[in-house]
Amino acid sequence: MNSIMKKLFLQMGLLVLLFITLVFLVNTLFLETYYISSQKKKLKEYYLKINDMDSESYKSSLVDFISMETISNLDIVLINSFGKPLYTTNA
């Protein structure tokens, strides 16, 4: 009976160790690239959204900017061609 408990304990321990190793490898190899590509995609979407706005509508789109900043933890700075800031984050 003692031998069966040792085998069961050894098998469960190996299974847990295998699972931890698998999670570590997936995290190390794939998660960083997935996160970076996902963040780049979001930034491109926000860029296109802001770029499609007229310069006159920046002030009226304050709610959109605040929601972008809050959701994605972004700091937004919009500058016109003369270097004058049109919108900056409150931080």
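**Exercise 1.** Determine which exposed residues lie on the face of α2 turned away from its buried side.

*Solution.* The face of α2 opposite its buried side carries Val-63, Thr-70 and Ile-71, which are exposed (over 50% relative accessible area; buried is under 20%, partly exposed in between, with a 1.4 Å probe and protein chains only). Helices are DSSP runs of H or I with at least four residues, strands runs of E with at least two, numbered from the N terminus. This is a predicted model, in which local features need pLDDT of at least 70, side-chain atom pairs count only at pLDDT 80 or more, and totals for chains, interfaces and linings use all residues. Numbering starts from 1 along each chain as its sequence is written, and side-chain values use heavy atoms, leaving out hydrogens and water.

**Exercise 2.** Characterise the buried side of α2 and its packing partners.

*Solution.* Step 1: the buried residues of α2 are Phe-65, Met-68, Glu-69 and Ser-72. Step 2: viewed down the axis of α2, these residues fall within an arc of 100° (from the directions of the helix axis to the C-beta atoms), so they line one face of the helix. Step 3: they pack against α1, β1 (77–79) and β2, contact meaning heavy atoms within 4.5 Å.
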